[in-house]
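User: I have a structure on screen and would like to learn how to read it. Can you take me through the features one at a time?

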Amino acid sequence: MTASFLPLTIDAARRADAPEVLRNALLTDRAAAECWTVLLAGCEFSTKRGLDAQLRKLSEATAEHVGTRWWFADGSVHRKRVARAQENLVAAIAEGDGQEFALAFVGYDNAMAGAVVCAGIGKHRRPVEGSTA
């Protein structure tokens, strides 16, 4: 079994049939593994720029998958949570702290997966009989 930095996001994307989210989650996971290796080795690294860019691409793919209307209305709590988690992760990368990096990835993975799952619940929810929703 290989380690993954985004197991929840990858699983949520598969279950939600979100191929662009899944593709970007896998690319982000690979970039995170490379960054992690460099952090553990104590090297100076340029791979962090690649991870920063890939995090943005994953966020953009997720926003596109869940839809602008949901992302800025019902999903705004998730959007803000993803943004905060991404900021924490970028700060951990800049500091080069392996422990902060790992903890920040847990928060980011949870936030991203939560957004994909919760948006999917809203898409499949049927209005209650007699309601105007």
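Analyst: We will go from the overall fold to the core, then to single helices, salt bridges and cysteines. Keep in mind that this is a predicted model.

User: Start with the fold. How many helices and strands does the protein have?

Analyst: There are six helices and zero strands. Read along the sequence, the pattern is α-α-α-α-α-α.

User: What share of the residues is buried?

Analyst: Of the 133 residues, 41% count as buried. The protein exposes about 8200 Å², and carbon and sulfur atoms supply 54% of that area.

User: Among contacts between residues at least 6 apart in sequence, what share joins residues at least 24 apart?

Analyst: That share is 68%.

User: Now the core. What is the general idea?

Analyst: In soluble globular proteins, nonpolar side chains tend to be buried together. Here the largest nonpolar core has 36 residues. Those with the most contacts inside this core are L51, L89, F101, F105 and Y108.

User: Which elements give two or more residues to this core?

Analyst: They are α1 (7-15), α2, α3, α4 (68-72), α5 (76-95) and α6 (98-124). The largest share, 10 residues, comes from α6.

User: Take F101 as an example. Which residues is F101 in contact with, leaving aside neighbours within four places in sequence?

Analyst: F101 is in contact with F5, A32, C35, W36, L39, L51, L89, A92 and I93. Two of these, L51 and L89, are also listed with F101 among the residues with the most contacts inside the core.

User: How do I read the sides of a helix?

Analyst: An α-helix has 3.6 residues a turn, so residues three or four places apart point the same way. Now look at α1. Its buried residues include T9, I10, A12 and A13. These four are on the same side of α1 because they cover an arc of only 165° around the axis. The face turned away from that buried side carries the exposed residues R14 and R15.

User: What happens just after α1?

Analyst: D17 takes a positive phi of about 55° there. This is a positive value in a residue other than glycine. D17 lies in the loop between α1 and α2. With a relative accessibility of 64%, D17 counts as exposed.

User: On to salt bridges. How many are there?

Analyst: The count comes to two. One joins the side chains of D11 and R15, at 2.8 Å from N to O. The other joins E20 and R23, at 3.1 Å from N to O.

User: Last, the cysteines. How many disulfides does the structure hold?

Analyst: A disulfide is a covalent bond between the sulfur atoms of two cysteines. This structure holds zero disulfides.

User: Where is C43 found?

Analyst: C43 is in the loop between α2 (19-41) and α3 (47-66). The C-alpha atoms of C43 and G96 are separated by 9.4 Å, while these residues are 53 residues apart along the chain.

Note on methods
Residues are numbered from 1 along each chain as its sequence is written. This is a predicted model: local features need pLDDT of at least 70, side-chain atom pairs count only at pLDDT 80 or more; totals for chains, interfaces and linings use all residues. Side-chain values use heavy atoms; hydrogens and water are left out. A nonpolar core is a set of buried Ala, Val, Leu, Ile, Met, Phe, Trp, Tyr and Cys residues joined through side-chain atoms within 4.5 Å. Buried means under 20% relative accessible area, exposed over 50%, partly exposed in between (1.4 Å probe, protein chains only). Contact means heavy atoms within 4.5 Å. The arc is that of the directions from the helix axis to the C-beta atoms. A disulfide is a pair of cysteine sulfur atoms within 2.5 Å. Accessible areas come from the Shrake-Rupley method with a 1.4 Å probe; for residues, only the protein chains shown count as cover. A salt bridge is a side-chain nitrogen of Lys or Arg within 4 Å of a carboxyl oxygen of Asp or Glu.
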